[in-house]
Amino acid sequence: MPELLERHRSEYPGAEVVELCARRLIAAKFPPVHATAFIEGVCEWGGGNRNFSRIRKAGDATIARSLKSAAEAINADDVVWAIEELQHLPHLGLSFASKVARFLAPDKCVVLDSVIRTRIGYVESQEGYSEFLQDCFQLLEQLRTSQDLDASLRDGLRVCDVEAAVFIKARDQKNVSS
């Protein structure tokens with residue numbers, strides 16, 4: 001687990017910066033210009049820069065409202081509804097909607113992208129996301145009680161960390177088609 005997390009952090013740097021932007025955005029109550037900048041940061045981190053110009057066409061106010069609604073749903077423990085709300089933004093599919101949610105609440109949300117869907121077999125749907133999220137939370141609970149992990153790692157793990165490790169492991173599997 002520690003090696004998989006370290007590889008994810010080194011191969012996909014900048015998550016801490018995007019998480020900080022999300023915390024600031026939430027604390028400031030989603031100012032429209034900052035909401036759009038946050039979406040741009042998620043797109044850059046996730047390699048979806050090509051989508052940003054199309055998402056931006058929704059307008060700063062619409063993006064801010066969508067992010068605020070999604071954050072409220074996440075706080076109410078309705079992550080699946082939050083993903084659905086985010087998908088109302090133009091050209092924001094399940095993969096990037098889940099990336100946005102992951103940064104809004106890394107302790108409650110995971111990313112369900114094509115690597116995990118195709119290599120592990122989760123369906124690209126709200127149900128598929130919910131199933132993967134539940135599986136990640138179950139793995140998190142197992143890891144938190146594992147005596148094989150250093151206590152500082154166990155105590156600091158979040159559900160998004162479990163997903164990141166699963167992603168690296170799935171991506172590197174050579175015996176499955178991509």
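User: Why is Glu11 called partly exposed?

Analyst: One thing to keep in mind first: this is a predicted model. The relative accessible area of Glu11 is 34%. Partly exposed covers what lies between buried, under 20%, and exposed, over 50%, so Glu11 with its 34% is partly exposed.

User: What makes the contact between Glu11 and Arg171 a salt bridge?

Analyst: The cut-off is a side-chain nitrogen of Lys or Arg within 4 Å of a carboxyl oxygen of Asp or Glu. For the side chains of Glu11 and Arg171, the N to O distance is 2.5 Å, so they meet in a salt bridge. The pair also links distant parts of the chain: Glu11 is in helix α1 (residues 2-11) and Arg171 in helix α11, 160 residues apart. Both belong to a network of salt bridges that links Arg7, Glu11, Arg171 and Asp172.

User: And is Arg171 buried or partly exposed?

Analyst: Its relative accessibility is 22%. Buried would need under 20%, so Arg171 counts as partly exposed.

User: How do you know that Lys108 and Asp77 form a salt bridge?

Analyst: Their closest N and O atoms are 3.3 Å apart, and the limit is 4 Å, so the pair qualifies. Lys108 lies in the loop between α7 (94-104) and α8 (114-120), while Asp77 lies in the loop between α5 (60-75) and α6 (79-86).

User: What makes Asp77 exposed, and what about Lys108?

Analyst: Exposed means over 50%. Asp77 has 63% relative accessibility, so it counts as exposed. Lys108 has 22%, so Lys108 counts as partly exposed.

User: Why are Glu141 and Arg144 said to be about one helical turn apart?

Analyst: Because they are three residues apart in helix α9 (residues 126-144). Glu141, at 43%, is partly exposed, and so is Arg144, at 36%.

User: How many salt bridges turn up in the whole structure?

Analyst: A search of the whole structure finds eleven.

User: Let's go inside. Which residues have the most contacts in the largest nonpolar core?

Analyst: Phe38, Leu67, Val100, Leu104 and Tyr129, out of 59 residues in that core. Helix α11 (residues 159-171) gives the largest share, eight residues.

User: What does Val100 touch?

Analyst: Leaving out residues up to four places away in sequence, Val100 touches Phe38, Ile39, Val42, Leu67, Leu86 and Leu92. In soluble globular proteins, nonpolar side chains tend to be buried together.

Definitions and conventions
Residues numbered from 1 in each chain as written. Predicted model: local features only at pLDDT ≥ 70, side-chain atom pairs only at ≥ 80, totals over all residues. Heavy atoms only, no water. Core = buried A, V, L, I, M, F, W, Y, C linked by side-chain atoms within 4.5 Å. Buried < 20%, exposed > 50% of the residue type's maximum accessible area, 1.4 Å probe, protein only. Helix = DSSP H or I, 4+ residues; strand = E, 2+ residues; numbered from the N terminus. Contact = heavy atoms within 4.5 Å.
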